[in-house]
Every structure is written in structure tokens, then in C-alpha cells.
Amino acid sequence: MSSTIGEYLRVSIFGESHGPAIGCVINNLPAGENIDLLDLQAFLDRRSPARSSLTSQRLEPDALEIISGLYNNKTTGSPLAALIYNKDARSSDYSQTGRIIRPSHADYPAHVRYSGFSDMRGGGHFSGRLTAPLCIAGGLARQILKRQGIHIGGHLEAVGGVNDKKFSSTSLSLDELNSPLQYELPVLDASIIPPIKEEISLAANDGDSIGGLIECAVIGLPPGLGDPIFGGIENRIAGAVFGIPGVRGIEFGSGFEGAKYFGSKHNDSYFIADNKIETKTNHHGGILGGITTGMPLIFRIALKPTPSIRKAQQSVSLDKMEEALLEISGRHDPCIALRAVPVAEAVAAIVILDSILISKGYKL
């Protein structure tokens, strides 16, 4: 099923951007896990719209409603189902475009794949709105992992031409991992917030949008998690990450930059610290042969500029089968990377928890 991820921990996402509700069903959550609903809602709030002048002004409270699988704030072992009702969908914003294909959206391939029956209002099931239930599942997984000493965090590494500093690759502390949460924007270096705002505002005022990079890290992971070849942790994270609308690329550790190195520079030398084997550098990003090494797991994702822009664009009318000019109105994020940081964390949490459960012998 294309809207389901996980091998043992199975997460299914459902709904459309302008439908009555969106949500998820999670199978095989361990029973008896305490869930802090206030903490979960706070995690969801990090990706909610209309919390900044730099994001979409769609007024969605994203209030969580869990309808099964939780009793007295503890998981029951049965499927956990959660809903978020759409409160501020404005489908009239899309009536003006008629059946003109929106460039860089899924409109055309979805039209072909589903014979014209897909609900594409606001992007439908392809919309970034569907990352909200993804964050429900990821937020639950984060809480369970945290009790096992495994922590996940992320930050905006770049927006346009403005770059944040990177996470410490070998000695990443919990304080550093969580430090972006203290700022208005999720960055490590607060001094870059004004220029990021300026980059986004310039694009938005010009009826345009801009892309961004996100760095995500996991600390506290034990070595030996994952499988070789097609079952690697990188494979599984990458497969899940591309379920986030707008993602165009992913890299682990030194990534593409590492292709420029000599082997003597790129190889990570081993040493012993506190009776544990570690590496002096971490170009491998915490994974070798698809299996975790115990070093911080670090990956970066690239998000494209939001395709919904006010600038006039050349396209095609499906009804008339002729070229047409498209002008998009409505409420859209000028930089989707701003709200995607917790989504990257959520995806990592789902994959890591699933992998840990499998390593403990849980199987379908």
C-alpha cells in the first residue's frame, strides 16, 4: 500500500487536504507505553500553519483526536487511530484554476493514474497537509524512543543562500540537538534568522517561493541496528523521507561532498573511549553497510520551492486540451522547509522504532 510505511510498526496515512479530516492508523505499537498528549500536541504545533507571517495563513488548529488504541494515556496494543479535522479548507481558491494543470504539482500524473477521479483540491492526498498525521505517528514514536535514551532533532541548514552551521557530527549533545527549539525559527545560529526571513519575504513579495535544506540527527542509537543491502537504515529512512511532499534529495554523513575526498580523508579512524569503540570523524553519518555504528546518525534533505506561486505560469487546460496561462491564488507557504523540520524528525522516529522492534524479534 503506497500510503503505508513500516515492516512491523505499520503506519497508514489517510485523507485529503480539503476533505473532512486527515489521520493515521498505527498497528503494532507496544502495549503499555505511556503517552503524553500535551507533548504530542506540542510536537504537532511545530508544523502547524499560520503560526508565522512566513507560513501559510490557513488557520488550522490541528487539534489531535485519538479514537482508539489509547486508554488512560497508555497504548492498549490494538490499532491506534487518530484524526485531525480540517477546519479552514477554502476550496473556492482552486475553482479559478479550473482544470489547468499546476506546474510541479501531482495534478497531471494523478489525473492519468486515477483516470481523472482524484480529489486534487489543495493537492488532495498528495498535499503537505498529510504530514500532520505523519507527525502524530512520529510524535508517538519519539516518546517511546526517548524512554530508551534515543533522541531525535533537526534544524534548517539552509534557506536560499543563507546557511546555518551543522550539527556536531561526533560529539552531538542533547542540548545542541534541542537548541533549535528555543528560537523563532528552528536554527542552531540565531544570527541567521533575520537574513532567512528576508530571503523568504523577498520571494513571497515577488509572488514566488524558495527552497531549503534540513539536517536531522539521532543520538543514543545502539550499534548493530539494521540490515545489509536493501534492508539498511539509510534505505528505510530514504524511502520514508520521500513520502514527504517536496523532498528532492537526501544524503547521509558527508553525502555528496564526500565524493570529492580522498579515501584517506573520508575514512573514519576508530578509537576506544570509555570502553566503547567510536570513530574520530563521522563521514559515514552513523551507518555502515546499512547498520548503525553507535555514532550520531545524521542525514540531510533538500526541499524544492513551493510550486504554488502567484506568478503567472505556462500550462495546459485538461478540458480544452490547449495551452493556457495559470495564476494561482490562495494561501501557500513561500518556503515549505520552515514547517518540514518536525516532519523529518517524525519520519526518522517511525523508521528507528520499527527497526528496534524488529531487532527485538517482533515480526508480523
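User: In this predicted model, which residues is isoleucine 26 in contact with, leaving aside its neighbours within four places in sequence?
Analyst: The model is a predicted one, and contact here means heavy atoms within 4.5 Å. Once the neighbours within four places in sequence are left aside, the residues in contact with isoleucine 26 are Leu9, Arg10, Val11, Pro79, Leu80, Ala137 and Leu140.

User: How many residues has the largest nonpolar core, and which element gives the largest share of it?
Analyst: The largest nonpolar core has 77 residues, and those with the most contacts inside it are Ile26, Ile237, Leu297, Phe299 and Ile301. The largest share of this core, 16 residues, comes from helix α9.

User: How many residues has the other core that lies apart from the largest one?
Analyst: Phe167, Leu188, Ala217 and Ile298 are among the residues of this other core, which lies apart from the largest one. Its number of residues is seven.

User: At what angle do the axes of α4 and α9 cross, and what is that arrangement called?
Analyst: The axes of α4 and α9 come within 7 Å of each other and cross at roughly 50°. Because of that angle, α4 is described relative to α9 as oblique.

User: How do the residues of the contact of α4 with α9 divide by class, and is the crossing left-handed or right-handed?
Analyst: On the α4 side the contact includes Leu134, Ala137 and Ile144, and on the α9 side it includes Val343, Ala346 and Leu353. The residues of this contact divide into 15 nonpolar, two polar and two charged. As for its hand, the crossing of α4 and α9 is left-handed.

User: How do the axes of helix α1 and helix α4 lie, and which hand has their crossing?
Analyst: Helix α1 covers residues 37–45 and helix α4 covers residues 131–146, and their axes come within 9 Å and cross at roughly 135°. That angle makes α1 oblique to α4. The crossing of α1 and α4 is right-handed.

User: At what angle do the axes of helix α7 and helix α9 cross, and which residues in α7 meet α9?
Analyst: The axes of helix α7 (residues 233–241) and helix α9 (residues 337–359) come within 9 Å and cross at roughly 140°, which makes α7 oblique to α9. Helix α7 passes α9 in a right-handed crossing. The residues in α7 that meet α9 are Ile233, Arg236, Ile237, Ala240 and Val241.

User: Is asparagine 72 buried or exposed, and what is its phi?
Analyst: Asparagine 72 lies in the loop between β5 (70–71) and β6 (74–75). With 61% relative accessibility, asparagine 72 counts as exposed. Its phi, a positive value in a residue other than glycine, is near 55°.

User: Is serine 115 buried or exposed?
Analyst: Serine 115 is found in the loop between α3 (107–113) and α4, and it has a positive phi of about 55° although it is not a glycine. At 55% relative accessibility, serine 115 counts as exposed.

Conventions: Residues numbered from 1 in each chain as written. Predicted model: local features only at pLDDT ≥ 70, side-chain atom pairs only at ≥ 80, totals over all residues. Heavy atoms only, no water. Axes fitted to C-alpha atoms, helices over the stretch in contact; angles between N-to-C directions. Helix = DSSP H or I, 4+ residues; strand = E, 2+ residues; numbered from the N terminus. Parallel < 35°, antiparallel > 145°, perpendicular 65-115°, else oblique. Left-handed = near helix turned anticlockwise from the far one by under 90°. Core = buried A, V, L, I, M, F, W, Y, C linked by side-chain atoms within 4.5 Å. Buried < 20%, exposed > 50% of the residue type's maximum accessible area, 1.4 Å probe, protein only. Nonpolar A, V, L, I, M, F, W, Y, C, P; charged D, E, K, R; others polar.
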